[in-house]
Amino acid sequence: MVENYDIDDVEETYNYLIYQGFEENDILFLKEIYKKEGIKFCIKTFNSFSLLELKDNLNEKKSKKNKNIFKIIGKYFNC
């Protein structure tokens, strides 16, 4: 299967998002979502909305995920 973007776009977008303060795991997560949705992973697609809002949404999702993990660990160790 051929992806709808080239390596230069991916590297340029990755570096752009790192510069904007995104973490590597968040970028890989976004890249996978874009791939599933058929959206080109390039800087232009990220300029169409607020990166700050996107970061906030990712942090909120990570926070919820971490809370769930702590609940599971607590149940496992009877905390």
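**Stop 1**

Select Leu 17, Phe 22, Phe 41, Phe 46, Leu 51 and Leu 54. In this predicted model, these residues have the most contacts inside the largest nonpolar core, which has 13 residues. Now colour by helix. H1, H2, H3 and helix H4 (51-76) are the elements that give two or more residues to this core. In soluble globular proteins, nonpolar side chains tend to be buried together.

**Stop 2: Leu 51**

Stay in the core and centre on Leu 51, one of the residues with the most contacts there. Which residues does Leu 51 touch, not counting residues up to four places away in sequence? Show Tyr 16, Leu 17, Gln 20, Phe 22 and Phe 46. Leu 17, Phe 22 and Phe 46 are also on the list from the first stop.

**Stop 3: the salt bridge**

Next, select Asp 9 and Lys 40. Their side chains meet in a salt bridge, at 3.3 Å from N to O. The structure holds 1 salt bridge. Which parts of the chain does the pair link? Asp 9 sits in helix H1 (residues 7-19). Lys 40 lies in the loop between helix H2 (24-37) and helix H3 (43-46). The two residues are 31 residues apart, and the pair links distant parts of the chain.

Is Asp 9 buried or exposed? Asp 9 has 17% relative accessibility, so it counts as buried, the cut-off being under 20%. Lys 40 has a relative accessible area of 37%, so it is partly exposed.

Keep Asp 9 selected and show its contacts. Leaving aside neighbours within four places in sequence, Asp 9 is in contact with Lys 40, Phe 41 and Cys 42. Phe 41 leads back to the core, where it is among the residues with the most contacts.

**Stop 4**

Move to Asp 26, in helix H2. Its relative accessibility is 8%, so Asp 26 counts as buried. Show its contacts, leaving aside neighbours within four places in sequence: Leu 58 and Lys 62.

Asn 59 is partly exposed, with a relative accessible area of 39%. How far apart are the C-alpha atoms of Asn 59 and Asp 26? Draw the distance: 9.2 Å separates them. Along the chain, the two residues are 33 residues apart.

**Last view**

Show both aspartates together. Asp 9 is in helix H1, and Asp 26 is in helix H2. Asp 9 counts as buried, and Asp 26 counts as buried too.

Definitions and conventions. Residues numbered from 1 in each chain as written. Predicted model: local features only at pLDDT ≥ 70, side-chain atom pairs only at ≥ 80, totals over all residues. Heavy atoms only, no water. Salt bridge = Lys/Arg side-chain N within 4 Å of Asp/Glu carboxyl O. Helix = DSSP H or I, 4+ residues; strand = E, 2+ residues; numbered from the N terminus. Buried < 20%, exposed > 50% of the residue type's maximum accessible area, 1.4 Å probe, protein only. Core = buried A, V, L, I, M, F, W, Y, C linked by side-chain atoms within 4.5 Å. Contact = heavy atoms within 4.5 Å.
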